[in-house]
Structure formats: structure tokens, C-alpha cells
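Hello,

Here is the structure we spoke about handing over. My notes on what turned up follow below it.

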Amino acid sequence: MDTNAFFSALERRADSDTAVVATLRRSLSLEPGTDARAFPYVEPFIGNSTSSRRQLIYLIAGLWAQTIRRTSGKPVSIAAAMRKVATNESVSQRFTRLLDSDVEELRWRLRQALTLIASKRIAIDWPKLLDDVLVWQWPSRSVQIRWAREFWNADS
């Protein structure tokens with residue numbers, strides 16, 4: 001899946017049709033990938049994805065819609081954004097729990113983290129986030145390690 005093309009297409013459609021963002025945002029109230037109203041916006045990009053991969057794509061599309069209108073500036077990774085909002089130990093603990101999430105928990109923890117990030121108007125690199133989430137379950141935990149390094153290493 002070309003995640004850059006996916007988000008470019010979503011942005012183009014959202015610019016010409018305000019229902020796109022509203023529909024994808026509302027889809028978060030259901031199990032990811034089950035809201036038929038969101039199908040026209042996401043299905044053309046999914047291809048022959050597995051069920052779990054399909055759910056993750058719908059989840060990230062919904063989270064994009066939930067926060068996209070509230071952010072500005074140059075997009076950054078979620079780890080860099082969390083570092084920017086880490087004003088106290090509870091944010092650091094929240095990020096640690098996010099890193100320790102399995103795919104089921106990821107849905108809720110990402111939503112919390114992205115809501116916090118959007119409240120500070122920080123733009124997220126959505127294609128990179130989707131790429132990362134799609135390989136979240138890899139045994140090497142390479143995404144989680146990279147995010148940890150970026151969060152705790154100010155030189156990243």
C-alpha cells in the first residue's frame with residue numbers, strides 16, 4: 001500500500017467534500033472497517049489486505065479525520081510529537097504504555113496520544129504513522145524501538 005498516495009487522496013477528497021472528514025471521524029465509533037459510509041474513501045487503497053491490516057488502515061484514517069483540522073505546521077513523527085508535549089512524567093508513562101501496546105490496545109492508546117498531540121496543534125506524519133502501525137506486530141519490535149529512541153533521545 002502506498003501510504004503517501006492514500007493520504008494525498010484523502011486530503012484531495014476532503015478539500016472538495018467536507019463529508020469525507022466527518023464520515024471517517026464518525027467511523028471511529030464503530031469497529032474499524034465496519035462503517036459502510038467510510039468504504040468509498042478507504043477500500044480503493046486496501047487491495048488484498050488481511051482483516052487485521054484492513055482494520056488498522058481504517059483506524060488510522062479515522063484518527064486522521066479526528067485530528068487533521070486541528071493541527072498545523074510541518075508534520076512530525078508521533079514520537080517527536082509526544083516528546084514536544086511531554087511536560088510531565090504522566091506523558092512519558094502514557095508513551096511507554098503506547099509502546100507496550102498490543103494491536104488491540106493500540107486503537108485506544110493511539111487515539112489518546114493523538115488527541116493530546118492535536119490539542120497542541122502539532123501535525124503528524126500520517127503516511128509514516130500508518131506504515132509503522134502496519135508492522136507494529138513484528139517480533140523485532142523495530143517500530144517501538146525507533147519510537148523510543150526518538151522520544152527519549154533529544155538529538156533525533
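A residue is called buried here when its relative accessible area is under 20%. The model is predicted, and that should be kept in mind throughout. By that cut-off Thr 3, with a relative accessible area of 4%, is buried.

Thr 3 and its surroundings

Thr 3 is found in helix α1. Leaving aside residues up to four places away in sequence, Thr 3 touches Pro 127, Leu 130 and Asp 131.

Aromatic pairs

The count of aromatic pairs comes to 9. One of them is Phe 7 with Trp 64: the ring centres are 6.4 Å apart and the planes stand at 55°, so the pair is tilted. Phe 7 belongs to helix α1 and Trp 64 to helix α4, so this pair ties together parts that are 57 residues apart in sequence. Phe 7 is buried, at a relative accessible area of 2%, and Trp 64 is buried as well, at 1%. Ring pairs also link Phe 6, Phe 7, Phe 45, Trp 64 and Trp 126 into a cluster.

In soluble globular proteins, nonpolar side chains tend to be buried together. The largest nonpolar core here has 51 residues, and those that touch the most other members are Leu 24, Trp 64, Ile 78, Leu 110, Trp 126, Leu 129 and Trp 147. Helix α4 supplies the largest share of this core, 9 residues. For Leu 110, the contacts beyond four places in sequence are Ile 60, Leu 63, Ile 78, Leu 98, Leu 129 and Val 133.

Helix α2 spans residues 19-26, and its buried residues are Val 20, Val 21, Ala 22, Thr 23 and Leu 24. These buried residues pack against α1, α3 and α4.

Salt bridges

The structure holds 6 salt bridges. Arg 54 forms one with Glu 43, the closest N and O atoms being 2.7 Å apart. That pair links distant parts of the chain, with Arg 54 in helix α4 and Glu 43 in helix α3, 11 residues apart. Glu 43 counts as partly exposed, at 30% relative accessibility.

Ser 49 is found in the loop between α3 and α4, and its side chain reaches the backbone oxygen of Ile 46 at 2.7 Å.

Arg 109 and Glu 105 meet in another salt bridge, at 3.7 Å from N to O. Both lie in helix α7, 4 residues apart, or about one turn of the helix. Arg 109 is partly exposed at 23%, and Glu 105 is partly exposed at 31%.

In helix α8, Asp 132 and Lys 128 are likewise 4 residues apart, about one turn of the helix. Salt bridges that share partners join Lys 128, Asp 132 and Arg 146 into one network. Within it, the closest N and O atoms of Asp 132 and Lys 128 are 3.3 Å apart. Is each of the two buried or partly exposed? Asp 132 counts as buried, at 4% relative accessibility, whereas Lys 128 is partly exposed, with a relative accessible area of 33%.

Regards

Terms used: Residues are numbered from 1 along each chain as its sequence is written. This is a predicted model: local features need pLDDT of at least 70, side-chain atom pairs count only at pLDDT 80 or more; totals for chains, interfaces and linings use all residues. Side-chain values use heavy atoms; hydrogens and water are left out. Helices (H or I, at least four residues) and strands (E, at least two) are DSSP runs, numbered from the N terminus. A polar contact is a pair of N or O atoms within 3.5 Å; within protein, one must be able to donate a hydrogen and the other to accept it, and residues adjacent in sequence count only if both atoms are side-chain atoms. Buried means under 20% relative accessible area, exposed over 50%, partly exposed in between (1.4 Å probe, protein chains only). Contact means heavy atoms within 4.5 Å. Rings of Phe, Tyr and Trp (its six-membered ring) pair if their centres lie within 6.5 Å; planes under 30 degrees apart count as stacked, over 60 as edge-to-face and the rest as tilted. A nonpolar core is a set of buried Ala, Val, Leu, Ile, Met, Phe, Trp, Tyr and Cys residues joined through side-chain atoms within 4.5 Å. A salt bridge is a side-chain nitrogen of Lys or Arg within 4 Å of a carboxyl oxygen of Asp or Glu.
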